[in-house]
Number of protein chains: 2
Amino acid sequence: MSPVGAPPIADAFGAIAHPVRRTLVTALAGGDKPVRELAAVVTVSRPAVSQHLAVLRGVGLVSEERHGRERRYRLHPERLDEVRTWMHALDRFWDHRLDLLAQHLEENP
Amino acid sequence: MSPVGAPPIADAFGAIAHPVRRTLVTALAGGDKPVRELAAVVTVSRPAVSQHLAVLRGVGLVSEERHGRERRYRLHPERLDEVRTWMHALDRFWDHRLDLLAQHLEENP
DNA sequence: TTGACACGTTAGATTCTCCTTACGTATTAT
DNA sequence: ATAATACGTAAGGAGAATCTAACGTGTCAA
């Protein structure tokens, strides 16, 4: 009655799920760049790059700034804190488990 | 001529892109658990959980171990190093940019 | 003014995700 | 032996992602 499809990309996790978008993010980490330059480091067409950039902009990972007939894109790495925070929380859980294991081994010869 | 669709989930990035799978991973960080218990912390049906677990298993993030009629799932957090490594590489790029900025400001009054 | 350039957007095709509802199999309980 | 439990898998469908090609808009150059 109400089957469901794939969810739209709504956060940083979804944004970095695609290898092309990761490449774009990595390139932008080295400095702001126009689309022409970004398209050069990737194997897909330029319109595809524009679409990927739109996804990244949708989740706030990049912003655009017009410069003449170019549009320079800028990375906002703080938007990846969402991912960092989740991974750190996992680490805390994991460390706690290791503590429990050590404690268990200490009490059992 | 050769239009393309969405790419299949092939790595840890794709695996953690779905909120339900993140919840499952978080739950498993607290210890190995059978599917019944995992399905309890999520809003989708139990078969859907099985399918999500299959995705996680496909990228090596979890493994299964038969225990009677249960199947306990175990997390392998080292498979998230792929993500960690990428984020750290980003940080290095970013730090380098900050260094360049500081240097520039020092040389220009 | 005309042409080249940089970029976004639309249209259309294809493929994957992701859900629920059946169904099948193995194991435990009665 | 029979029933109940735990789980996976197949079938089917809605929806989203992702690509290329074509087109439109604004900017610089000659």
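In this predicted model, DNA strand D is surrounded by 33 residues, and the closest of them are Gly5(A) and Gly68(A) from one chain together with Pro34(B), Arg36(B) and Pro47(B) from the other. The elements that give two or more residues to the surface near DNA strand D are helix H4 (46–58) of chain A and, from chain B, helix H3 (35–40), helix H4 (46–58) and strand E3 (70–75). Sorted by class, the residues of the surface near DNA strand D are 18 nonpolar, 9 polar and 6 charged.

At least two residues of the surface near DNA strand C come from each of helix H3 (35–40), H4 and strand E3 (70–75) of chain A, and from H4 of chain B, while H4(A) makes the largest share, with 5 residues. The class make-up of the surface near DNA strand C is 18 nonpolar, 9 polar and 6 charged residues.

We turn next to the protein chains themselves, where 19 residues of chain A are in contact with 19 residues of chain B. On the side of chain A that touches chain B, helix H1 (12–15), H2 and helix H5 (81–107) each supply at least two residues, and H5(A) gives the most, with 8 residues. By class, this side of chain A divides into 12 nonpolar, 4 polar and 3 charged residues.

One helix pair between the chains can be followed in detail: the axes of helix H2 (residues 19–29) of chain A and helix H5 (residues 81–107) of chain B come within 8 Å and cross at roughly 25 degrees. Because angles under 35 degrees count as roughly parallel, H2(A) is described as roughly parallel to H5(B). The contact is made by Arg22(A), Thr26(A) and Ala29(A) on H2(A), and by Trp86(B), Leu90(B), Phe93(B) and Trp94(B) on H5(B), a set with 5 nonpolar, 1 polar and 1 charged residues.

Arg57(B) is found in helix H4 of chain B, and is partly exposed because 15 other C-beta atoms lie within 10 Å. Setting aside neighbours within four places in sequence, Arg57(B) is in contact with Val62(B), Ser63(B) and Glu64(B). Leu75(B) lies 18 residues from Arg57(B) along the chain, and the C-alpha atoms of these two residues are separated by 9.4 Å.

Note on methods
Residues numbered from 1 in each chain as written. Chains lettered and ligands numbered in written order. Predicted model: local features only at pLDDT ≥ 70, side-chain atom pairs only at ≥ 80, totals over all residues. Near = placed C-beta within 6 Å. Helix = DSSP H or I, 4+ residues; strand = E, 2+ residues; numbered from the N terminus. Nonpolar A, V, L, I, M, F, W, Y, C, P; charged D, E, K, R; others polar. Axes fitted to C-alpha atoms, helices over the stretch in contact; angles between N-to-C directions. Parallel < 35°, antiparallel > 145°, perpendicular 65-115°, else oblique. Contact = placed C-beta atoms within 7 Å. Buried ≥ 20, exposed ≤ 12 C-beta atoms within 10 Å, placed from the backbone.
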